[in-house]
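Student: I have a new structure to read. Can you take me through it, one feature at a time?

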Amino acid sequence: MKTQMESKWALKKMDATVLVAKSEPFTCEVLGSLLKTEGFDVVGRASKLDDLISKIQTKKPACVITEVGLIGDAAKLMSALSELKKVPKVVMYVNSHDTRDISKVLEAKFSAYLHAEDQLEELYHCLQATGKNDTYYSACFKDLIHELGIKEADTETMNVIKSLTKREREVLYYLTKGLTGHEVAAHLNMSYRTLATHKQNITQKFSLDSGRNLLRQGLQIRSFLTDPRAAR
């Protein structure tokens, strides 16, 4: 059985370096050791975000395996990655049921997403997929986001979401909450004309036929829109 497993993964293992980062030091150590046993080149381990970022900068791994519990909403990690000439592939374990955290890491468009309860075999499949430049979603992870009402978004939609300004996101968020145009304008302390301009810009970015389709579009990506009050 072991020989079959070794043969199965012999041609699939990444010919590259791997950095493991988990919030629990013991879990981090165990996962790193298991990957080494299977032949992966593990160049480092980290159990804190600052340590992870530092080791990414110094070790320059081709792949980083980490989790939502360690990186939070992904903003700090994404900022650090954006400064690198060569960005590593990121495999994200989701160990949270917080829709805001999950939406944020999905918006970051990492290379792969796994559920905390996924087995090691799933990670091997994942590493194989990331080597092919495909975004990988484990079955357990898909079940989780569907259970929480979070939609998967294709690459084109994610790029549009990222292109929205802070104000455009706020406008779209409040529209999905059922506020009228005048109520949204008053809530955001802007004129109705300014609101109309924001709505027109959002409509164009999503290539919608009409502004009347904004609400439907907003509802489809609602899980990616953060409550402006929570960001203050």
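Student: Is Gly44 buried or exposed?

Tutor: Start with a cut-off: buried means under 20% relative accessible area. Gly44 has 10% relative accessibility, so Gly44 counts as buried. Keep in mind that this is a predicted model.

Student: Where is Gly44 found?

Tutor: Gly44 is in strand S2, which covers residues 41-46.

Student: Which residues is Gly44 in contact with, leaving aside neighbours within four places in sequence?

Tutor: Look past the sequence neighbours here. With those within four places set aside, Gly44 touches Val18, Leu19 and Val20. Take Val18: 26 residues separate Val18 from Gly44 in sequence. In space, their C-alpha atoms are 7.4 Å apart.

Student: Now the surface. Which residues make the nonpolar patch?

Tutor: Phe26, Val30 and Leu34 make a nonpolar surface patch of about 300 Å². One of them, Val30, lies in helix H2, residues 25-37.

Student: How many aromatic pairs does the structure hold?

Tutor: There are 6 aromatic pairs in the structure. To read a pair, check the ring centres, then the angle between the planes. Among them are Phe110 and Tyr113, with ring centres 6.4 Å apart and planes at 45 degrees, so this pair is tilted.

Student: Why is the pair of Tyr173 and Tyr174 edge-to-face?

Tutor: Planes over 60 degrees apart count as edge-to-face. The planes of Tyr173 and Tyr174 are at 80 degrees, so their pair is edge-to-face. Their ring centres are 5.2 Å apart.

Student: Are Phe110 and Tyr113 buried or exposed?

Tutor: Phe110 is buried, at 4% relative accessibility. Tyr113 is buried, at 0%.

Student: What about Tyr173 and Tyr174, buried or exposed?

Tutor: Tyr173 has a relative accessible area of 8%, so Tyr173 is buried. Tyr174 is at 4% and counts as buried.

Student: Which residues do ring pairs link into a cluster?

Tutor: Follow the pairs from ring to ring. They link Phe110, Tyr113, Tyr137 and Phe141 into a cluster.

Student: One last feature. Where does the charged end of Lys22 sit?

Tutor: For this one, find the charged end, then look for a ring. The charged end of Lys22 sits over the ring of Tyr93, 3.7 Å from the ring centre.

Definitions and conventions:
Residues numbered from 1 in each chain as written. Predicted model: local features only at pLDDT ≥ 70, side-chain atom pairs only at ≥ 80, totals over all residues. Heavy atoms only, no water. Patch = residues over 30% accessible without salt bridge, like charges linked within 9 Å, V, L, I, M, F, W, Y side chains within 5 Å. Areas by Shrake-Rupley, 256 points an atom, 1.4 Å probe, with all protein chains shown as cover. Salt bridge = Lys/Arg side-chain N within 4 Å of Asp/Glu carboxyl O. Helix = DSSP H or I, 4+ residues; strand = E, 2+ residues; numbered from the N terminus. Buried < 20%, exposed > 50% of the residue type's maximum accessible area, 1.4 Å probe, protein only. Contact = heavy atoms within 4.5 Å. Phe/Tyr/Trp six-rings, centres within 6.5 Å; stacked < 30°, edge-to-face > 60°. Lys NZ or Arg CZ within 6 Å of the ring centre and 35° of its normal.
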